[in-house]
Each structure stands twice: as structure tokens, then as C-alpha cells.
Amino acid sequence: MKHTEIAIVGGGPAGLAAALNAAKLGARVHLIDRNDYLGGQLIKQTHRFFGSKEQRASERGIDIARELANQVTASKNIQVMTEATALGYYEDGVLLVEQHKKIFAIKPERLIIATGGAEKTLLFPNNDLPGVYGAGAVQTLVNVFGVKPGKRVLMVGAGNIGVIVSYQLLQAGVEVAAIIEAAPRIGAYWVHASKVVRAGVPIYTRHTIQRAHGHREVTGATVVQLDENWQPVPGTEKEFDVDVICLSVGLTPLTELLWQAGCRMVFVPELGGNVPLRNEHLETSVPGIYVAGDVAGIEEASAAMMEGALAGLNAAASLGYTTESLGLDRRNILAQLEGLRSGPVGEKIRKGLAQALL
Amino acid sequence: MCEANQKDLTIICRCEDITVDEVRAYIEQGVTDLEQLKRLLRVGMGPCQGRTCTPLIVNELARATGRPVREIPLTVFRQPTTPVKLGVLAGGTDHE
């Protein structure tokens, strides 16, 4: 049995920030990630972030991941376990981890769950044909491995991910036939959406995919307009000759470990599904178990890093670690989070978080 | 399990190759409980452990029963969260 002060599950933006901030206060940390690299989804983010300087505006996710991972590996307080999968959490407070075909039992004094989210998908005929991808898979292929998923793409979903991945496909020399969005409005930030529109990609709001075509692989798709009650309008069908259908229809929190730990959960559509109730310290209903990032509610990388930093500081502080600037640091991060979630863009997340507070 | 020669299938559970029609047929027969559907069809019992299909099936159940999604009970999230090879389990836990 390994004993540690703080175990963090997930080495994405939230987990990395949590590890660094907990270690900075002096806590001993185990950072566990199932991949053979740290950074999570950040490593696919080849575009520049925007916002304020504290939120790392104009930096690219892939560079942020590298920088945070370097800091984490350099910290003597952080033990990194990559290629390590958290298999379960048990009632005696033990986390079971598989790494390199071995199983480890870890008993942490505090646990920070930063497992992120999983992609949602859609139901339509032939949705299992090769050529139907999740946006995350397309991003991995194009941005991580430099492989084109196909020649011509129909993007389903005009949120930030759908629109950014469309732009990255264009950059890779892949044609994007159209972006369709079931909602009456584009969900993505205008700065991203106007970029793809300027590049000549039409965005159809109130449209959904009706079916994919093809025998052995995708050869096309039928798209249909939706009425105010989200029902297809007959006669509005459009045909697209595409060999890739990319689904970017949202994420849902990866909460298995939280259910196993007995954390009180609540279904909040604005946050992507079932999320743990948490207090202002990001501690769940089970004392000593904290959450940060998409697992606590689907948001974005900047918010995940700030939540991670908060959870890391709070978990370490609860073990008695402190610094003179602790109170100020915490207030700073909270103010930044509030700024990020302010205005019309943050309305959905504010509404969601209001339902998830303990 | 769906027929290999059937066309235009809408798959709801990719791991176990279950169609939405199969799920709806059981719901129409009165099986309106995710746990029962899982036992009858194996939905959610494949490698991804329901991460993809559970939200979709819950939506089907909500629509068919007129209950809000938040009131549809989920199945138990048992350990292990991902498939583990028997040989790894047989190797025992590191208790150093």
C-alpha cells in the first residue's frame, strides 16, 4: 500500500494545476494519468487561447501543457504516475491503480478527482459507419498525429470545439462542407465562428443530421432543418457528399470514481450531465474528496486550470500547509474564475453551478 | 445482437452492437429500467462501460416514460472502471 498526502486522478489542465499548487504549499502529491504523457486535452489545442493575461491569452494549449508538465516533473513533492489507470475507489479510502500490468493500492489523505469528460454522440441511421468520428478523435488524428481523417467533412455542432476543429481541419487542408447546429444560435465564441465563415464554411443553425449514407464507409449525409419544437421539417433535406461526419455535440463528466466514493451527485444539463455537489472549496459531500475541471461541470481549459489551482491549494491547506499569501492567492483565483464566467457567455455555466453547490 | 446484413441501423451501444430499435422494443414491452435493459441487452457492459450509451438510453427512457432525465435511476458504477486483464489481477496488489 502506498501512502500519500494528496492523490490526483487526471493529468490534464485541472490535475496539473492542482498538483503544482498543492506541491507549492509543501504537500506530497501523487499525480495519476492513464496516458503516457501529461496535459490531457491541452496537447491537442494548437490554437491560441484568449482572455486576459492571467488566463494565458495568446498562448497555445500544447505549449501550456508542456510548461506545466515540466514544472510538475521538476517538483520534488510530486510523484508522477503516467500510463496509470485509476480502476476504482473503495469504501476504506483506497484507490486502486493499474500501471504497467501491476496493480497498486494507494491510500491518500486527500483525493482530487480531475478526470475530465467524455464525448457525447448522436443517434442516426448508419452512425456506426467508418468515417463517423467524435471531434476529440479528429483533433487527435490531425493535431497530434498529423493524419487527415478524410477529404471532406460535415461538422455536427457549432460550439467552440466544433468550430475550432473545423478551422484546424481547414488548416490541415481538409475541406469542411458545412457546420450544422441544432440550436437556433451558434454556441462558439464569435471570434472563432467568424474565422470559419470568412474561410467560406457555411454554418446552418436549427439543422441536424438525419442519416449517414454509405455501405462500407461514409459517402454522404442528409441534413434536415428543425422547427421550434426541434422536429424535422419535411422537404428541407440537404445532401452533402462527405467522407467524414464529425460529431461535436458536447461532453459529459467522467464521474465513475465519484459515484464509487458515494459523493452526492446531481443532474445539471448546463454542466453536461451528472456532476458532484461541491462547496466553495471544491470539496464534495465526502470530506477530503475534491473535484476540479470538466468532471465538476463541462467548461474549458482556462477554468479547469483555475479550479485545479483552487482544489490543490484547498486540499493542501486542509492538511495544515499554508503560506502568508494563501488567502490572497485563493481570492485572486476566485476573482479570475468569476471574470471568466461573467457576461452572457458565462450565463449557462453560472446557472449550472448554482444548482451544484452544497 | 443486430443482423450483419441489416442496413441503416442506428447503433445506441457501440461496444455491444445494440440498436436503438432493440432498446425501444423492450421499452414498449414495459422494461423502463436501465438496470433491466442492461441485463437483457448487455447495453453498457462492453469495454467503455456505458460511457457512450448510458446518456442516450436515459434520454430514451425519459421520453418514453414522460419522466425528467434527472429522475431516471442509473446503474451501479462498479469497480473496475475499465477492463483489466485477468493476468494483471492474478498478479495481486502491490502491498509493499
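Ser248(A) is buried in this predicted model, with a relative accessible area of 10%; buried means under 20%, exposed over 50% and partly exposed in between, using a 1.4 Å probe and protein chains only. Ser248(A) sits in the loop between strand E15 (244-247) and strand E16 (251-253). Strands (E, at least two residues) and helices (H or I, at least four) are DSSP runs numbered from the N terminus.

Who are its neighbours? Leaving out residues up to four places away in sequence, Ser248(A) touches Ala135(A), Met155(A), Val156(A), Gly157(A), Ile161(A) and Gly162(A), where contact means heavy atoms within 4.5 Å. With Gly162(A), a polar atom of the Ser248(A) side chain lies 3.0 Å from the backbone nitrogen.

Now for chain A as a whole:

| Chain A property | Value |
|---|---|
| Helices and strands | nine helices, 19 strands |
| C-alpha span along principal axes | about 65 × 45 × 35 Å |
| Buried residues | 55% of 358 residues |
| Contacts at least 6 apart that join residues at least 24 apart | 60% |

Residues are numbered from 1 along each chain as its sequence is written, with chains lettered from A and ligands numbered from 1 in the order written. Local features need pLDDT of at least 70 and side-chain atom pairs count only at pLDDT 80 or more, while totals for chains, interfaces and linings use all residues; side-chain values use heavy atoms, without hydrogens and water.

Key
Polar contact = N/O pair within 3.5 Å; in protein donor to acceptor, adjacent residues only side chain to side chain.
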